Amino acid sequence: MAGKREKPEEIVSKLRQVEVLQGQGMTIADAVRQIGITQQTYYRWRKLYGGMGRDQLKRLKELEKENQRLRRAVSDLTLDKLILTEAARGNF
């Protein structure tokens, strides 16, 4: 059964909640249980989004979109180049 997907903003918020609960003397296991996630999910999120603010998260999403767009453009241009080189050789 697939679980609910959290938005990155919600993930950052939940990571901050865990930090606050830890500051109040709660263990990590109890803190993640209280916000409704597993420890494995917490550590995975912390590895991906740990220490990020909302502005950094927004910038990361913008860069990922731009990177995806550029990769698509490079692959299209590479394909066009291969087609043109084949046509120039006369192997069409």
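Helices here are DSSP runs of H or I with at least four residues, and strands are runs of E with at least two, numbered from the N terminus. On that basis, the protein chain of this predicted model reads α-α-α-α along the sequence. That gives four helices and zero strands.

How spread out is the protein chain? Its radius of gyration is 22 Å. The globule rule gives 12 Å for 92 residues, so the chain is more spread out than a compact globule. The C-alpha trace spans about 75 × 35 × 15 Å along its principal axes.

Among contacts with a separation of 6 or more, 49% join residues 24 or more positions apart.

Now the surface. The protein chain exposes about 7,600 Å². Carbon and sulfur atoms supply 53% of that area. As for charge, the chain carries 19 positive and 12 negative charges.

Finally, look at one residue. Gly23 belongs to helix H1, which covers residues 8-23. Is Gly23 buried or exposed? Its relative accessible area is 68%. The cut-off for exposed is over 50%, so Gly23 counts as exposed. From Gly23, trace the chain to Arg54, 31 residues apart in sequence. The C-alpha atoms of Gly23 and Arg54 are separated by 21 Å.

Technical notes: Residues are numbered from 1 along each chain as its sequence is written. This is a predicted model: local features need pLDDT of at least 70, side-chain atom pairs count only at pLDDT 80 or more; totals for chains, interfaces and linings use all residues. Side-chain values use heavy atoms; hydrogens and water are left out. Buried means under 20% relative accessible area, exposed over 50%, partly exposed in between (1.4 Å probe, protein chains only). The radius of gyration is taken over C-alpha atoms; the globule rule is 2.2 Å times the number of residues to the power 0.38. Contact means heavy atoms within 4.5 Å. Accessible areas come from the Shrake-Rupley method with a 1.4 Å probe; for residues, only the protein chains shown count as cover. Lys and Arg count as positive and Asp and Glu as negative; His and the chain ends are not counted. The place of a charge is taken as NZ of Lys, CZ of Arg, CG of Asp or CD of Glu.
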